[in-house]
Every structure is written in structure tokens, then in C-alpha cells.
Amino acid sequence: VTETRTGYMEKMGNACCGVITGLTLFFVSFVILWWNEGRTLYTQRALDEGMQKVVDVPCKPVKKEDNDRLVHISCALQHLQTFH
């Protein structure tokens, strides 16, 4: 059986490394949270803009004036071929 002893300075060094690592992770978490909230805000604004611009259209007939518009359709899947 071998016994190893750690000295006082080694213990302090390990403790300091743990504190530095913990503080670094703490501050990095704020950066990640800020980035994630920014992405959420951007997505929400894009969805709000889409909700304002969406137009309900019937499945048939397909009208030329609906090209380049954000449209919402609701019909049976068998009629989906007409949109290709």
C-alpha cells in the first residue's frame, strides 16, 4: 500500500483552479444566455411579421397574384399535386 500526501500549496493550487474554472463557467453562462435570448427575440419578431403578412387562400384555383406572398392553405393532401 502506497500513501501519497498532498502538500498545502498543492491543495491551494487545486482549490484555486476549481474557483477559476467555476467563475469562468459562471460568466460564460451569461454570454450563452444572452446569445440564446437574442436568437429567441429574433425568431419571435420573424414569426410576428409572418403572422401580419399571411393570407388565407383556397386550394383551388391557384391565383397568380398569390405568387411571392406568404399564404396559408388548408385542403386534402390529394390536391397537393397542383402546387408543383
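**Charged and aromatic side-chain pairs**

Modeller: Glutamate 3 is exposed, with a relative accessible area of 63%; here buried means under 20% relative accessible area, exposed over 50%, and partly exposed in between, with a 1.4 Å probe and protein chains only. The model is a predicted one, in which local features need pLDDT of at least 70 and side-chain atom pairs count only at pLDDT 80 or more, while totals for chains, interfaces and linings use all residues. Residues are numbered from 1 along each chain as its sequence is written, and side-chain values use heavy atoms, with hydrogens and water left out.

Glutamate 3 forms a salt bridge with arginine 5, with 3.4 Å between the closest N and O atoms; the term denotes a side-chain nitrogen of Lys or Arg within 4 Å of a carboxyl oxygen of Asp or Glu. Arginine 5 lies in the segment before H1 and is exposed, at 73% relative accessibility. Between the C-alpha atoms of arginine 5 and isoleucine 32, which are 27 residues apart along the chain, the separation is 40 Å. Helices (H or I, at least four residues) and strands (E, at least two) are DSSP runs numbered from the N terminus.

A search of the whole structure finds three salt bridges. Side chains of opposite charge can pair when their charged atoms come close. In one of the three, lysine 53 is joined to glutamate 49, the closest N and O atoms being 3.0 Å apart. Both residues lie in helix H1, four residues apart, about one turn of the helix. Lysine 53 counts as exposed, at 52% relative accessibility, whereas glutamate 49 is partly exposed, at 42%.

Aspartate 66 and arginine 69 also meet in a salt bridge, at 3.1 Å from N to O. Aspartate 66 is buried, with a relative accessible area of 16%, and arginine 69 is partly exposed, at 40%. The loop between strand E1 (55–56) and strand E2 (71–72) holds aspartate 66. If residues up to four places away in sequence are not counted, aspartate 66 touches Val57 and Val71, where contact means heavy atoms within 4.5 Å.

Turning to the rings, the whole-structure search finds two aromatic pairs. Phenylalanine 26 and phenylalanine 27 are edge-to-face, at 5.3 Å centre to centre and with 75 degrees between the planes. Phenylalanine 26 and phenylalanine 30 are likewise edge-to-face, at 5.0 Å and 85 degrees. For these terms, rings of Phe, Tyr and Trp (its six-membered ring) pair if their centres lie within 6.5 Å; planes under 30 degrees apart count as stacked, over 60 as edge-to-face and the rest as tilted.

Phenylalanine 26 and phenylalanine 30 both lie in helix H1 (residues 8–53), four residues apart, about one turn of the helix. Phenylalanine 26 is partly exposed, at 44%, as is phenylalanine 30, at 45%, while phenylalanine 27 is exposed, at 51%.

One further arrangement involves a charge and a ring: arginine 39 lies over the face of tryptophan 35, at 4.9 Å from the ring centre. The criterion is NZ of Lys or CZ of Arg within 6 Å of the ring centre and within 35 degrees of the ring normal.
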